[in-house]
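Here's a friendly walk through the structure shown below. Keep it in view as you read, and look up each residue as it comes along.

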Amino acid sequence: MEEIKSYSDAIAELEKIVEKIQRDDCRIDDMRNYVKRSVELLNYCKKELFQTDEELKRLLEDLGDKE
């Protein structure tokens with residue numbers, strides 16, 4: 001599978017996958033691959049969101065300590 005470069009790229013790819021799955025001509029074999037890739041993308045996004053949340057919390061705590 002292709003490397004995920006950024007959160008924005010992952011979201012854009014997920015949106016494309018949703019469009020493909022919603023088409024009437026989506027084959028079951030393709031759908032299996034789309035779902036596998038979607039799970040990879042969602043896991044990546046989840047990891048990025050948690051990391052960002054933790055970093056923001058640390059930054060805000062540091063800001064509060066300096067007052």
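## A first stop on α1

Ala 12 sits in helix α1. (Helices are DSSP runs of H or I with at least four residues, strands are runs of E with at least two, and both are numbered from the N terminus.) Ala 12 counts as partly exposed because its relative accessibility is 32%; buried means under 20% relative accessible area, exposed means over 50%, and partly exposed is in between, using a 1.4 Å probe and protein chains only. Ala 12 and Asp 53 are 41 residues apart along the chain, and their C-alpha atoms are separated by 21 Å.

A word on the ground rules: this is a predicted model, where local features need pLDDT of at least 70 and side-chain atom pairs count only at pLDDT 80 or more, while totals for chains, interfaces and linings use all residues. Residues are numbered from 1 along each chain as its sequence is written, and side-chain values use heavy atoms, with hydrogens and water left out.

## The overall build

How many helices and strands are there in the protein chain? There are 2 helices and 0 strands. The radius of gyration is 17 Å, well over the 11 Å that the globule rule gives for 67 residues, so the chain is more spread out than a compact globule. (That radius is taken over C-alpha atoms, and the rule is 2.2 Å times the number of residues to the power 0.38.) Taken along the principal axes, the C-alpha atoms fill a box of roughly 60 × 20 × 15 Å.

Helix α2 covers residues 28-65. At 1.5 Å a residue, its 38 residues should span 56 Å, and the end C-alpha atoms are 55 Å apart, which agrees. The expected span here is 1.5 Å times one less than the number of residues in the helix.

Buried residues make up 15% of the 67 residues in the chain. The chain exposes about 5800 Å², with carbon and sulfur atoms supplying 52% of that; these areas come from the Shrake-Rupley method with a 1.4 Å probe, and for residues only the protein chains shown count as cover.

In α2, the buried residues are Arg 37, Ser 38, Leu 41, Tyr 44 and Cys 45. They pack against α1. Look at contacts (heavy atoms within 4.5 Å) between residues at least 6 apart in sequence, and 74% of them join residues at least 24 apart.

In soluble globular proteins, nonpolar side chains tend to be buried together. Here, the largest nonpolar core has 7 residues in all: Ile 4, Ala 10, Leu 14, Ile 17, Leu 41, Tyr 44 and Cys 45. Helices α1 and α2 each supply at least two residues of this core. (A nonpolar core is a set of buried Ala, Val, Leu, Ile, Met, Phe, Trp, Tyr and Cys residues joined through side-chain atoms within 4.5 Å.)

Not counting residues up to four places away in sequence, Leu 14 touches Ser 38, Leu 41 and Leu 42. Ser 38 belongs to helix α2, and it counts as buried because its relative accessibility is 13%. With neighbours within four places left aside, Ser 38 is in contact with Leu 14 and Ile 17.

## Glu 13 meets Arg 37

Glu 13 lies in helix α1, which runs over residues 7-22, and at 25% relative accessibility it counts as partly exposed. Which residues does Glu 13 contact, leaving aside its neighbours within four places in sequence? They are Arg 37 and Leu 41. Glu 13 and Arg 37 are 24 residues apart in sequence and 9.3 Å apart in space, C-alpha to C-alpha.

Arg 37 is in helix α2 and counts as buried, at 5% relative accessibility. Its side chain makes a polar contact with the side chain of Glu 13 at 2.8 Å, and it also reaches the backbone oxygen of Glu 2 at 2.8 Å. (A polar contact is a pair of N or O atoms within 3.5 Å; within protein, one must be able to donate a hydrogen and the other to accept it, and residues adjacent in sequence count only if both atoms are side-chain atoms.)
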